[in-house]
Amino acid sequence: MRFRSDPKSGNELSILGFGCMRFPRPLGVIDQKKTEQLIVHAVEEGINYFDTAHLYPGSEETLGAILQKNKLRDKVYLATKLPFSRCRAYEDFDALFNGQLKKLRTDHIDYYLIHNIAEVAQWEGLCELGIEAWIAEKKQQGAIRQIGFSFHGKTEEFLALLDVYAWDFCQIQYNYVNINYQAGRAGLMKAHDKDLPVVVMEPLLGGRLAGNLPKAALASFKKANPNRSAVDWALRWLWDQEAVTVVLSGMNEESQLQENLRIANESYPEMLGDAEHRAYDAAIEAFNESNKVACTGCNYCMPCPNNVNIPASFTAYNMSYAVGMFSAIQLYAMSIRAFSADNYSPRRCIDCGACEKKCPQHIAIPSEFEKLLAHMEPWWLRAAMAVASLCKKL
């Protein structure tokens with residue numbers, strides 16, 4: 001495993017971090033045995049940065065139990081996050097934090113983040129509740145070793161947030177199609193100039209840079225190097241940049257872990273050549289032409305009060321432009337039962353706005369649903385499906 005230094009603490013962090021939001025859930029419940037095997041193997045191979053959060057259902061409890069059972073706590077740097085939107089008073093900081101320590105079966109958090117900050121005003125609201133004094137107390141006690149924030153907002157807000165507090169690190173969404181999105185490269189470089197380690201999330205954009213790339217993007221990569229997978233291209237682009245400290249990957253299969261380990265061990269700063277950079281440029285152009293909704297499938301918007309499967313709907317919608325309508329309609333029909341009576345289709349949306357408030361990508365979800373339905377469920381297709389269903393009953 002390759003490592004990069006955290007200038008603030010001197011810690012040597014594995015360039016590949018284990019993102020714990022997407023633990024394997026074959027039946028909607030975390031597969032404890034499979035998750036344990038993945039985590040133990042990851043540590044054996046040198047991965048020492050594990051990222052979880054209060055808002056990831058079952059993640060903290062599962063990770064804590066596995067680390068304790070296998071005596072791995074002292075071999076890893078543990079990162080988790082404060083759900084600041086649930087803090088209404090100073091006492092809430094302790095209530096939430098102590099609950100996390102209990103679930104993670106530890107007495108300290110190595111890298112603690114304010115979760116999903118989007119603007120300076122949110123941080124100022126926390127300051128009014130006394131969070132700066134609370135952080136200072138926890139750091140003095142050793143309960144929090146490094147304090148940072150994860151970000152989903154506009155570039156100018158990220159740049160401002162870096163200056164309003166003496167942060168120890170930060171976490172941003174960053175990949176080769178998000179160069180100018182959210183914190184972007186401008187944010188990455190300013191954080192690096194301030195000697196902040198930068199942890200990258202969504203390196204594969206919720207899997208879209210792995211399995212659902214447009215044909216033109218795949219062709220550009222294949223022409224430059226036919227032996228690399230789409231995942232390989234995405235991760236190398238990040239590790240080529242010295243300012244990137246840790247790249248988080250939500251690995252839920254042994255094959256994913258093995259592939260990511262191999263790529264990490266082959267990667268170093270400034271390894272990419274001119275031909276490879278031209279391949280990225282062509283892939284970005286093809287992706288942007290087919291990308292209709294910036295959904296990463298994080299599921300923060302779920303559950304929907306009216307049972308719309310929001311992430312699956314957008315996955316199929318984007319897929320229709322990237323790889324073709326036939327495959328997209330198959331996915332759409334299977335994942336949300338779009339043309340059945342008990343569907344999870346966007347047709348069920350009542351525009352309550354609950355999803356929009358929780359979306360870290362700030363997607364205008366009900367408005368996007370109108371475009372999606374016109375594209376994925378035109379009247380003639382719904383009529384044909386209704387006729388087919390009636391014929392089956394006769």
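Helix α2 is followed by K71, whose phi is positive, near 55 degrees. Helices here are DSSP runs of H or I of at least four residues, strands are runs of E of at least two, and both are numbered from the N terminus. The model is predicted, so local features need pLDDT of at least 70 and side-chain atom pairs count only at pLDDT 80 or more, whereas totals for chains, interfaces and linings use all residues. Residues are numbered from 1 along each chain as its sequence is written, and side-chain values use heavy atoms, with hydrogens and water left out.

The buried residues of α2 are S59, E60, T62, L63, G64, I66 and L67; buried means under 20% relative accessible area, exposed over 50%, and partly exposed in between, for a 1.4 Å probe and protein chains only. The cover over these buried residues includes α1, β4 (49-51), β5 (77-82) and α3 (90-104).

The axes of α1 (residues 32-44) and α2 (residues 59-69) come within 10 Å and cross at roughly 60 degrees. Axes are lines fitted to C-alpha atoms, for helices over the stretch in contact, and angles run from 0 to 180 degrees between N-to-C directions. The two helices, α1 and α2, are therefore oblique to each other. Angles under 35 degrees count as roughly parallel, over 145 as roughly antiparallel, 65 to 115 as roughly perpendicular, and the rest as oblique. On the α1 side the contact is made by Q32, T35, E36 and I39, and on the α2 side by T62, L63, I66, L67 and K69, where contact means heavy atoms within 4.5 Å. By class, these residues divide into four nonpolar, three polar and two charged. Ala, Val, Leu, Ile, Met, Phe, Trp, Tyr, Cys and Pro count as nonpolar, Asp, Glu, Lys and Arg as charged, and the others, Gly among them, as polar.

**Helices α10 and α11**

Helix α10 (residues 230-239) packs against helix α11 (residues 254-266) at an angle of about 40 degrees, with the axes 10 Å apart. That angle makes α10 oblique to α11. Contributing to the contact are V231, D232, L235, R236 and W239 of α10, together with E259, N260, R262, I263, A264 and E266 of α11. Five nonpolar, one polar and five charged residues make up this contact of α10 with α11.

**Cysteines**

The count of disulfides is zero, a disulfide being a pair of cysteine sulfur atoms within 2.5 Å. Two cysteines are listed below.

| Cysteine | Closest cysteine sulfur | Sulfur distance | Relative accessible area |
|---|---|---|---|
| C87 | C127 | 12 Å | 6% |
| C359 | C298 | 6.3 Å | 9% |

The sulfur of C87 is too far from that of C127 for a bond, and the sulfur of C359 is likewise too far from that of C298.

**Loop and backbone features**

A143 lies in the loop between α5 (131-141) and β7 (144-151) and counts as buried at 8% relative accessibility. Leaving aside neighbours within four places in sequence, A143 is in contact with F97, D107, H108, I109 and K138.

The peptide bond from M302 to P303 is cis, with omega near 0 degrees; P303 lies in the loop between α12 (274-290) and α13 (310-322). N116, although not a glycine, has a positive phi of about 65 degrees and is found in strand β6 (residues 109-117). D351, also not a glycine, has a positive phi of about 55 degrees. This residue, D351, lies in the loop between α14 (325-336) and α15 (354-358) and is exposed, with a relative accessible area of 54%.
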